[in-house]
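Have a look at the structure, then read on.

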Amino acid sequence: MEALLRILSIIFLVLTACLVGLDSQTKVLFHFISRKASFKDLNALYVLVWIDTAAAVYNLLQVFRCYKLPDLTKDKPPYYIYLAWGFYLLDQAAVYMVFAAHSAAAQASIFAVTGQKNFQWMKLCDKYTRFCIQIGGALLCGYFACLVMAITSSISAYVLFKRYSPQKFMVLKGN
């Protein structure tokens with residue numbers, strides 16, 4: 001189940017990175033000036049592409065780990081608890097980083113939709129409609145990837161804390 005969820009999150013992360021990274025739209029202004037809108041115009045979208053790519057690679061490595069070390073809950077050597085802690089903490093960090101990147105990109109995209117009169121930023125989505133719609137779809141896919149990664153992280157937490165005793169705080173079962 002964990003490998004399936006990780007593959008699903010890889011699909012959504014790669015889809016988000018491709019939708020944002022390959023999205024561009026060119027408009028001709030005043031019959032001789034052309035302006036191209038791309039993800040590089042907004043730093044939050046640029047960071048989003050790199051973070052989604054890194055999270056997809058991390059999940060791909062974890063899929064390989066799922067097939068190499070299929071179950072950390074059975075009787076294994078004691079050092080496997082450290083691996084379980086590492087996987088849990090890395091899963092948490094990946095989810096938080098992806099969620100933070102998507103939230104920052106959503107905030108920056110809101111400025112592109114509404115503009116900001118105090119800073120004299122104009123609305124960009126009036127001119128680049130297709131670009132903005134594609135970015136919105138990519139952000140929706142990214143938030144779905146965050147949800148799937150959070151579910152995967154809860155599975156990681158279950159695998160980790162299943163090895164601990166319910167009666168004694170932070171004591172392994174069998175000790």
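Q: Which residues lie nearest the centre of the largest pocket?
A: Welcome to a predicted model! Leu-42, Ala-108, Ala-112, Leu-124 and Phe-131 lie nearest the centre, out of 24 residues that line this pocket. Its volume is about 480 Å³.

Q: Which elements supply at least two residues each to that lining?
A: They are β2 (33-38), α3 (80-114) and α4 (129-161). The largest share comes from α3, with six residues.

Q: How do the residues of the pocket lining divide into nonpolar, polar and charged?
A: The lining holds 18 nonpolar residues, three polar ones and three charged ones.

Q: What makes Cys-18 partly exposed?
A: Cys-18 has a relative accessible area of 38%. Partly exposed covers what lies between the 20% limit for buried and the 50% limit for exposed, so Cys-18 belongs there.

Q: How do you know that the span of helix α1 agrees with its number of residues?
A: Helix α1 (residues 2-21) has 20 residues, so at 1.5 Å a residue it should span 28 Å. The end C-alpha atoms are 28 Å apart, which agrees.

Q: What do the buried residues of α1 pack against?
A: They pack against α2 (43-68), α3 and α4. Among the buried residues of α1 are Leu-5, Ile-10, Phe-12, Leu-13 and Val-20.

Terms used:
Residues are numbered from 1 along each chain as its sequence is written. This is a predicted model: local features need pLDDT of at least 70, side-chain atom pairs count only at pLDDT 80 or more; totals for chains, interfaces and linings use all residues. Side-chain values use heavy atoms; hydrogens and water are left out. Buried means under 20% relative accessible area, exposed over 50%, partly exposed in between (1.4 Å probe, protein chains only). On a 1 Å grid over the protein atoms alone, a cavity is a set of points where a 1.4 Å probe fits but cannot get out, and a pocket is an open set with protein on both sides within 12 Å along at least five of seven lines; lining residues have an atom within 4 Å of a point. Grid points are joined across faces, edges and corners, and a volume is the space filled by probe spheres set on the points. Helices (H or I, at least four residues) and strands (E, at least two) are DSSP runs, numbered from the N terminus. Ala, Val, Leu, Ile, Met, Phe, Trp, Tyr, Cys and Pro count as nonpolar, Asp, Glu, Lys and Arg as charged, and the others, Gly among them, as polar. The expected span of a helix is 1.5 Å times one less than its number of residues. Contact means heavy atoms within 4.5 Å.
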